[in-house]
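Open the model in your viewer and keep the selection panel handy. We will go from stop to stop, and at each one you will hear what to select and what is there.

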Amino acid sequence: MPGAEFVNKLYYLDEVFGKQAKDLNEALQNVTGIQPMACFADKFLFHSLNLQKNSVNLYDGITYISNELFNNAPLLSVDQYAYKANMSVRNFSRRFSEQTGVSPKFYFRLLRFNNAVNTRLKHPQSNWTSIAHDCGYFDQMHMIKDFKEFANANPSSFFQTIAEFTRPGIDVTGPGQEVYSELNANLSYEKFVLVKRNNL
């Protein structure tokens, strides 16, 4: 199914994975805490992905570019990525949207935003101007615009909210440590949940 079918939509797990979803549901019900839930979900999803890789050839230009972007390669233009994928810009944009559910430019914006969030968490003393520059934003105002669109808050307010709802006693910014936080289980609405995953 095209990735666009899943963007900003909710599905029951068994609607996508069929009977296999029952095993994951049982595993999630028998553990407590975000960390073990994330591990079970990762194991299930990677297993499903490996089955797909064995049944069809997923390695194409879009996969190559997606892997490159995921591995924190510097963001280039859509034209340059289309060239690297050996596709026309139009075909690259169409195929990319089909597989990821969003356009290349929107995906790049999400990556920049994600990099900015991770950079701030790992280096809380960095100023916003340097973070914007290091993450490929034209200026700080462009970064603020993305925060308002994706997090519904400016950068400072967003991180203040994270600090308020992070459980005490968990260091999310310690030097040399991976980002890890769990949000208070009593929250009645969704918040970003940052989970440390092993071997990822």
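This is a predicted model: local features need pLDDT of at least 70, side-chain atom pairs count only at pLDDT 80 or more; totals for chains, interfaces and linings use all residues.

Start by selecting Ile-62, Thr-63, Ile-65 and Ser-66 in H4, together with Phe-92, Arg-95, Phe-96 and Gln-99 in H6: these two sets meet, contact being heavy atoms within 4.5 Å. By class, this contact of H4 with H6 has four nonpolar, three polar and one charged residues. Here Ala, Val, Leu, Ile, Met, Phe, Trp, Tyr, Cys and Pro count as nonpolar, Asp, Glu, Lys and Arg as charged, and the others, Gly among them, as polar.

Axes are lines fitted to C-alpha atoms, for helices over the stretch in contact, and angles run from 0 to 180 degrees between N-to-C directions.

Residues are numbered from 1 along each chain as its sequence is written, and side-chain values use heavy atoms, with hydrogens and water left out.

Zoom out to the whole chain, which has ten helices and zero strands. Both kinds of element are DSSP runs numbered from the N terminus, helices being H or I of at least four residues and strands E of at least two.

Next, pick Tyr-81 in helix H5 (residues 78–84). Is Tyr-81 buried or exposed? At 0% relative accessibility, Tyr-81 counts as buried; buried means under 20% relative accessible area and exposed over 50%, with partly exposed in between (1.4 Å probe, protein chains only).

Follow the chain into the loop between H5 and H6 to find Asn-86. Asn-86 is not a glycine, yet its phi is positive, about 60 degrees. At 72% relative accessibility, Asn-86 counts as exposed. For background, most residues other than glycine have a negative phi.

Jump to Asn-152, in the loop between H9 and H10. Phi of Asn-152 is also positive, near 60 degrees, and at 71% relative accessibility this residue counts as exposed.

Now for the largest nonpolar core, with 17 residues; select Met-143, Phe-147, Phe-158 and Phe-159, those with the most contacts inside it. Such a core is a set of buried Ala, Val, Leu, Ile, Met, Phe, Trp, Tyr and Cys residues joined through side-chain atoms within 4.5 Å. Helices H7 (104–122), H8 (128–134), H9 (140–150) and H10 (155–165) each give two or more residues to this core, and the largest share, four residues, comes from H7. A second, separate core of twelve residues includes Ile-62, Ile-65, Val-78 and Ala-82.

For the last stop, select H7 and H9, which pack at an angle of about 100 degrees with their axes 10 Å apart. That makes H7 roughly perpendicular to H9. Residues making the contact include Phe-106, Leu-110 and Phe-113 of H7, and Met-143 and Phe-147 of H9. The residues of this contact divide into eight nonpolar, no polar and three charged.

Terms used
Angles under 35 degrees count as roughly parallel, over 145 as roughly antiparallel, 65 to 115 as roughly perpendicular and the rest as oblique.
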